Amino acid sequence: MRHRMLSRKLLFPADFQIPSRNAKQKAQKPEPELIYDAWLASRAMPGQTGSYLVPGAQRPLTLANARLALFVAQHCTLDFFKVLFRLNPLRTTLMMSLNIVRSLFPAFRGYSQALIVDELLSLIASDSFTWSRLLYPVSTELIRRAIEGCLDTFAASNENVVLGSARFFIEYKQMEQRVRLDVPTLADPTVRALLQESDLFARSFASGGFGMLSPLDFIHLFSLMTEIASHLFLIISLTRGAFQFGILFMSIFSTLLPLILPWFTCTNDQAESPTSAKEARANDRQERLRNLAYSDVYRPEIALFGLGDWILRSWSSARKIVLASEQPLYARPTSIIDQFNLMEFVFIIQNVPLLLLFQKSSASLGSLTVYRSSIQSLMYASRNLVTTARMAFQGIFLMSAYTASMKLKPRLNPKHEDALHYMTVHGGINITARNISYTYPGSSEPALRNISFSLKAGETLAIVGYNGSGKSTLARILLRIDDFDKGSLLINDVDIRRYNPAEYHSHLSAVFQGFSKFSATLKENVGLGNIDKINYRPAIETAVHLAEADTLVESLPNGLKTILETPGFESFSFAGSMNPELSQRHGLSGGEWQRVALARAFMRANEPGIDMLLFDEPTSSLDARAQNQIFDTIEKISKSPSGEPKKTVIFITHRLSTARRADKVAMMENGTISEFGTHDELVAQNGAYASLYRASV
Ligand SMILES: Nc1ncnc2c1ncn2[C@@H]1O[C@H](COP(=O)(O)OP(=O)(O)OP(=O)(O)O)[C@@H](O)[C@H]1O
């Protein structure tokens, strides 16, 4: 139930905004510098250096954790509340005020019940029972209950709106951050844990109101304490005289009754389910987009095709529909019996035996009723207080995870002062790699060692080599999906690290070896390659045609609108899945998926701004005829009709017959380029490439 992590210094080189603090203070107080530090420290396993609790685990209530919680409360709670307050100032103020007002209700309730009991007692004692005398206190009680019920309903629905908008805001911010972060940042285990806890924080805003794990529990804590204080005051003043054991016993029994009764009644706890087809579709869509944003599988393509904004926009509109459709239990229309709270009337009836039993007592029976109801409320409130305090304690650390995660910066982004705009050159891009080395985090062996080569703009390069020799790793570095440890990489004579990755990506198109299979329609799977044209059918049809996938589209039940079955995508289930339109999915073969991925790359490959096309084993699942056609297409796209090069092309292949088509060939062995030159030159060298080539033909 735990795992080890690397030190913060190693993981976060100046990624967080450090709150200013003078040196003297630092020397006096060994307290965390950053919210991130406090969050990480709270996850430390006591007495076990370097070991951390799993994400989401309840923090033990230790003195050290209490100090950390205080630090977080001091440094981010107020700012966080300010942000939430600005979302809905009026409603939030109303929510806080109503909570305080509602905490005083139980005391009023007890007083009103006492009036009824006293009236009943005096009626029985007078030997002339008339209903009319009871009418006044009973109707007053009914009116009080009606007002209390209305206020409760209003407060609950208001609270729902406040929590709903807070939840949307938090989720939006998280999505925004997710689509912004790059592969190296997300590969970090500490970042993953941080984001996981931040997710938990967002989920704590789920409808259900107070009592859920949420920083808003602090408001609840305050109102609970007010309530407890008022009950304590009542009980102490009422039991000042002789202690009545019988009353105490009956009080406890009637207190336990409402806790036992729900076990015998049916709950109306239905899972939130979207009802209309529109809501079901929105639910489907928001889950798919969330999966896109959160899954590492899609990360490279999201970065390369600049899909972040589009995902965020689309998720946001679908999410709004889903949130609007979610009706929390307490916001649903309730029956008049519910409004008047039948259970509490049962307890008023239960007061009758009490009344008869203590008729001769010197204390007023009304006072005894107040006493009983105070005991009961005290028990409820105390139990709630413990639960809520525990949740608030955990909630504060989850809030720190959220706050710290918002300050994460994508590691591939250049510093502001180093950043340069992408430099365009004629005919594609030129590449100069010098002694590039790279070791994956956690690996002992480098995946790339001293890679050096250069490629002129418009040239075609084939990268070949044995399995695991580093071809895909080199491709990811050239595409600026991953960084490298040593050496330099110049793109159009500029250090690649000075380009903003998003801007650089807007000049590239690629098919990755492990390309994404989106759980979406064929049209979307292709259209995502050029998000601006996702709804432009002619562009999609052209891309499909270039990938030789026309026959595939014709064979599918709904053509381009067919939803493709994605293996391993089972992250959600919802009522809408009963809708045949949504549930009808179609599987594809490996070669068919490869054509879809090629069509996606061709969606943008043809655009004038695209300077480099990179294909990592684009035709590995295609037959020889299809393979040749695809390479003809790539050649057509990358050259003008007169044969002048327009785009640089790099492809990785295990089929050496296709490597002949390239201007240059890079033979990779054990993480390095062992041979580099034209096909003919390498064959003439009679080295590793020549023997691999001879073996493959
Ligand atoms: N995410 C990763 N974490 C750690 N090591 C990795 C990771 N990805 C790849 N490697 C390792 O890096 C080395 C190079 O892998 P790479 O995928 O670049 O090889 P390749 O030449 O493309 O192989 P193939 O021909 O099988 O596709 C391999 O030893 C591989 O195990």
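Modeller: Four strands form an open sheet in the order 4-3-6-7, with antiparallel pairing. Strands here are DSSP E runs of at least two residues, helices are H or I runs of at least four, and both are numbered from the N terminus. Pairing requires at least two DSSP bridges between two strands. The model is predicted, so local features need pLDDT of at least 70, side-chain atom pairs count only at pLDDT 80 or more, and totals for chains, interfaces and linings use all residues. Residue numbers run from 1 along each chain as its sequence is written.

The edges are strand 4 (448–455) and strand 7 (494–495), each of which pairs on one side only. Strand 3, residues 431–438, pairs with strand 4 over five bridges, in the antiparallel sense. Within strand 4, L455 is the residue that stands opposite I431. In general, strands of a sheet pair through backbone hydrogen bonds, either parallel or antiparallel.

Now the packing. Helix 18 (residues 471–478) lies on this sheet and touches strand 3, strand 4 and strand 6 (486–491). Contact means that C-beta atoms, placed from the backbone, lie within 7 Å. The direction of helix 18 makes about 120 degrees with that of strand 3. Such angles run from 0 to 180 degrees between N-to-C directions, with axes fitted to C-alpha atoms, for helices over the stretch in contact.

One helix pair also deserves a look. The axes of helix 21 (residues 537–546) and helix 24 come within 8 Å and cross at roughly 125 degrees. Helix 21 is therefore oblique to helix 24; oblique covers what is left once under 35 degrees is roughly parallel, over 145 roughly antiparallel and 65 to 115 roughly perpendicular. A539, A543, V544 and L546 in helix 21 meet A599, F602 and M603 in helix 24.

Technical notes. Two residues are in contact if their C-beta atoms, placed from the backbone, lie within 7 Å.
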